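Here are my notes on the model you sent over. Have the structure open while you go through them.

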Amino acid sequence: MWARLALLALLGSVLVPLVAAGLASLLWVLLGMAGLALTAAGLWWTLAHTGAVRALGAALVVAVPLAVLALYAAHGMLGPAVLALVLWALALAAARIALSPGGTPGERERDPAAAEAPHRPWIVMNPRSGGGKVERFHLAEKARETGAEVVLLDPERLADVAELARRAVRDGADLLAVAGGDGTQALVAEVAAAHDLPFLVVPAGTRNHFALDLGLDRDDPAAALEALTDGVELRVDLGFAADRVFVNNASFGAYAAVVSDPAYRDDKLRTALQTLPGLLTGEGGPRLSMRAGRIRVDELQALLVSNNPYRRAVDTAHPGLRESLDSGRLGVLCVSVGSTAGAARMLSGPGSQGVLRLTAPEVVVEADTATVPVGVDGESVPLRTPVVCRIVPGALRVRVPRHRPGTPPSRPPADWRRVWRLALHPDREPARART
């Protein structure tokens with residue numbers, strides 16, 4: 001059914017502009033593509049330059065889309081164009097659903113056996129994380145009701161969270177937990193892994209990427225506390241950038257340099273606009289190179305090394321999701337865009353020239369400076385070069401609730417040949433592809 005819907009929507013996305021404008025629809029498609037390329041060029045000028053060039057780039061970013069829309073509207077093509085785009089999006093979504101692996105619940109991976117409840121759980125909470133989720137969801141009170149020792153960080157004082165966790169271990173804690181952001185989670189996770197203690201994540205931060213990949217309910221942080229009484233245990237990998245642990249990723253280049261600026265926390269936009277031109281053109285930041293096995297890439301503007309690879313470089317439905325946390329492989333995303341033409345080519349997607357995606361057990365990041373700023377789970381840390389990033393398989397014991405939403409399903413890219421076969425000859429398609 002989904003395969004047939006995908007083909008019908010695909011056919012509709014082609015027929016709509018043909019019916020509206022005939023062969024002239026090809027010219028309208030070319031106009032739209034040219035508009036996208038000019039907009040990408042304008043965005044690059046805005047980010048990578050200053051003064052008059054930046055002003056021109058900003059003008060292009062605003063004026064070009066408006067001009068294209070005005071031309072479409074003036075010639076009666078705006079409605080058909082929007083409808084064609086909607087049908088194309090529907091075709092892609094239906095194709096990915098049609099090709100998603102099926103199977104009954106009995107064939108899917110089951111959770112491990114129930115874990116023994118901890119006797120002396122310890123949890124550190126950051127009241128400022130996530131706009132005050134700790135107080136809003138009464139997390140401290142609910143955790144104490146389970147018998148957990150709760151440590152509330154003082155927003156006015158800088159605390160050594162890792163040392164607090166080590167002290168808790170010396171005092172007999174048999175489970176370590178964090179209600180806060182991913183950066184705080186990484187610090188405590190390192191202590192838990194070093195002592196082979198279970199680790200519990202309470203998604204009280206802003207983004208909670210690690211919690212999402214564990215299948216936790218980010219809209220109900222308190223539900224994670226059920227793992228203290230009715231939980232199961234998973235073994236997941238940990239990433240290291242030099243000696244710093246990351247549960248999500250370590251970023252190098254433009255983003256890491258921007259967030260390392262002391263002014264970034266007070267004025268993010270202004271700091272980024274002032275810093276990016278030098279970084280993107282290679283004049284204001286270190287020259288980065290990456291080695292992974294026999295692969296080497298030089299002149300990088302950005303590099304992202306993740307604890308397990310992300311599903312896709314760009315996933316609009318579920319950005320930032322990883323297929324698993326126990327593959328034993330780092331995900332590597334390299335971006336090298338040094339010109340306006342390169343920025344325009346980026347529109348072709350993550351497989352375009354200037355973007356390289358791969359996996360590796362170890363990655364070496366080199367620079368022409370003695371140290372480089374690194375965004376370790378969103379926290380800026382200066383590290384000496386070369387920086388060796390590695391992964392330790394199964395290093396962390398994670399306690400999660402038995403009943404949790406789980407991660408959204410992975411949808412494969414649209415393979416139109418398989419969609420065609422599945423729509424017209426479903427009996428010839430392997431059973432695992434049916435839904």
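1. A word on strand pairing before anything else: two strands pair if DSSP finds at least two bridges between them. Helices (H or I, at least four residues) and strands (E, at least two) are DSSP runs, numbered from the N terminus. With that settled, look at C334, which stands opposite L356 in β12. Strands β11 and β12 (residues 355–360) pair in the antiparallel sense over 6 bridges. Strand β10 (residues 302–307) also pairs with β11 in the antiparallel sense, again over 6 bridges, and there N307 stands opposite L330.

2. Some housekeeping. This is a predicted model, where local features need pLDDT of at least 70 and side-chain atom pairs count only at pLDDT 80 or more, while totals for chains, interfaces and linings use all residues. Residues are numbered from 1 along each chain as its sequence is written, and side-chain values use heavy atoms, with hydrogens and water left out.

3. The overall picture: the chain has 13 helices and 16 strands. Of its 435 residues, 44% count as buried; buried means under 20% relative accessible area, exposed over 50%, and partly exposed in between (1.4 Å probe, protein chains only). Back at strand β11 (residues 330–335), 5 of the 6 residues are buried, so the strand is largely enclosed by the rest of the structure.

4. Helix α2 (residues 25–48) begins with S25. The helix has 24 residues and reaches 35 Å from its first C-alpha to its last, close to the 34 Å expected at 1.5 Å a residue (that expected span is 1.5 Å times one less than the number of residues). Its buried residues include S25, W28, G35 and W44. S25 has a relative accessible area of 4%, and beyond its neighbours within four places in sequence it is in contact with P17 and L18.

5. How many aromatic pairs does the structure hold? There are 2, counting rings of Phe, Tyr and Trp (its six-membered ring) whose centres lie within 6.5 Å, with planes under 30 degrees apart called stacked, over 60 edge-to-face and the rest tilted. W28 and Y72 form a tilted pair, 5.1 Å centre to centre with 55 degrees between the planes. W28 lies in helix α2 and Y72 in helix α3 (residues 51–74), so the pair ties together parts that are 44 residues apart in sequence. W28 is buried at 16% relative accessibility, and Y72 is buried at 9%.

6. Now the nonpolar cores, meaning sets of buried Ala, Val, Leu, Ile, Met, Phe, Trp, Tyr and Cys residues joined through side-chain atoms within 4.5 Å. The largest has 35 residues, and W122, L176, V188, F199, F210, L214 and L396 touch the most other members. Elements giving two or more residues to this core include β1 (121–125), α8, β4 (198–203) and β16 (387–401). A second, separate core of 26 residues includes F252, A292, V305 and C389. Leaving aside neighbours within four places in sequence, F210 has contacts that include D182, F199, R322 and L396.

7. Helix α8 (residues 182–194) has 13 residues and spans 18 Å from first C-alpha to last, close to the 18 Å expected at 1.5 Å a residue. Among its buried residues are D182, T184, V188 and V191.

8. Some backbone spots deserve a look. Most residues other than glycine have a negative phi, and most peptide bonds are trans. D196, in the loop between α8 and β4, has a positive phi of about 50 degrees although it is not a glycine; D196 is partly exposed at 39%. E299 in strand β9 (residues 295–300) has a phi near 55 degrees, and E299 is partly exposed at 44%. The peptide bond from T385 to P386 is cis, with omega near -5 degrees, and P386 lies in the loop between β15 (379–384) and β16.

9. Lastly, a charge over a ring: R390 lies over the face of F240, at 4.3 Å from the ring centre. The criterion is NZ of Lys or CZ of Arg within 6 Å of the ring centre and within 35 degrees of the ring normal.

How values were computed
Contact means heavy atoms within 4.5 Å.
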